[in-house]
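Please look over the structure shown below, together with its sequence, before reading the briefing that follows. The notes are grouped by topic.

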Amino acid sequence: MDPTTDNAGNTGDADTARASLEALRAEIAKAVVGQDPAVTGLVVALLCRGHVLLEGVPGVAKTLLVRALASALELDTKRVQFTPDLMPSDVTGSLVYDARAAEFSFQPGPVFTNLLLADEINRTPPKTQSSLLEAMEERQVTVDGTPRLLPDPFLVAATQNPVEYEGTYPLPEAQLDRFLLKLTIPLPSRQDEIDVLTRHAEGFNPRDLHAAGVRPVAGPADLEAARAAVAKTTVSPEITAYVVDICRATRESPSLTLGVSPRGATALLATARAWAWLTGRDYVTPDDVKALALPTLRHRVQLRPEAEMEGVTPDSVINAILAHVPVPR
């Protein structure tokens, strides 16, 4: 046996990577107060090579959260404000004629980064929204017939406002399904809000993360080691069947017109594995599946209009299903 490998199958590199990723919470907390679940969700998405939809009212630090994560991971980040007049080429890049060379050259768009913050993605028309699909799914963009690979790691963190739907273009189900997780960013508790104001009163500047003390505590090498370890996390046949039963139950729910697809079931299995590894285990338990069920599935189901009028939410439907589907022993 390799001396760097323990009986659980974890390498020394993987243990170091786990410790580094666990340190992210404390580092990001220097800039963002009280958003540990969102930080964990973003790390899970990076481990699964997935993308995240962030939903919250304006002013709850969605942008700051992504910037702080990029700083703590020493990754490049860019922000695009999605507006009604934004064109696909404004995201992916375009060919520009160089008069001196008498030829066209490709000018990369902001999508060529590690963490792309797509701010208020539902305020831009479907044509521009769909320009992200190839980048999210294939991790490349094609301009003038030429595919161009995106950096690795690559994550799209798209935000949308849960209010003020007038003038917006809701994401279609096919595009929602491309997001691994949908994370809700709540308003802070009273004490957290006091902490935020106290920091600002003491001179905290959200535009200067370096002055706030945010330092790199992990990097791309840690993510690569972590991904390799997650891929070795054991999933028993009983857990696989449990994931399938949960997703099939959404398709039979009287409150839903659209249940979770097989892609969603695959996503739930992947996020549960990543969470199991992050918590220090090399096998998945039913509790891991339950812990990631809401963020992984809530955007993959569609309520019936009458259920929505009665106050039913995707989260309440999924919680009811989790309460009724038999848990493997």
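Alanine 61 counts as partly exposed because its relative accessibility is 28%, where buried means under 20% relative accessible area, exposed means over 50%, and partly exposed lies in between (1.4 Å probe, protein chains only). This is a predicted model, in which local features need a pLDDT of at least 70 and side-chain atom pairs count only at pLDDT 80 or more, while totals for chains, interfaces and linings use all residues. Residues are numbered from 1 along each chain as its sequence is written, and side-chain values use heavy atoms, with hydrogens and water left out.

**Backbone features in loops**

- Alanine 61 lies in the loop between β1 and α3 (62-73), and its phi is near 75°, a positive value in a residue other than glycine; helices (H or I, at least four residues) and strands (E, at least two) are DSSP runs, numbered from the N terminus.
- Arginine 49, in the loop between α2 (36-47) and β1 (52-55), has a phi near 55°, which is positive in a residue other than glycine, and arginine 49 is partly exposed, with a relative accessible area of 36%.
- The peptide bond from aspartate 152 to proline 153 is cis, with omega near 5°, and proline 153 lies in the loop between β7 (146-149) and β8 (155-160).
- Most residues other than glycine have a negative phi, and most peptide bonds are trans.

**A buried serine**

- Serine 131 lies in helix α6 (residues 131-138) and counts as buried because its relative accessibility is 14%.
- Leaving aside neighbours within four places in sequence, serine 131 is in contact (heavy atoms within 4.5 Å) with Pro88, Val91 and Thr92.

**Helices α10 and α11**

- Helix α10 (residues 237-251) packs with helix α11 (residues 262-278) at an angle of about 140°, their axes being 9 Å apart; axes are lines fitted to C-alpha atoms, for helices over the stretch in contact, and angles run from 0 to 180 degrees between N-to-C directions.
- Val243, Cys247 and Arg251 in α10 meet Pro262, Ala265, Leu268 and Leu269 in α11, and by class the contact of α10 with α11 has 6 nonpolar, no polar and 1 charged residues, where Ala, Val, Leu, Ile, Met, Phe, Trp, Tyr, Cys and Pro count as nonpolar, Asp, Glu, Lys and Arg as charged, and the others, Gly among them, as polar.

**Confidence**

- The chain averages a pLDDT (the predictor's confidence in each residue, from 0 to 100) of 89, and 95% of the residues score at least 70.
- Over residues 1-11 the pLDDT is below 50, and this stretch has 12 contacts in the model beyond near neighbours in sequence.
- Where pLDDT is low, the predicted coordinates should not be read in detail.
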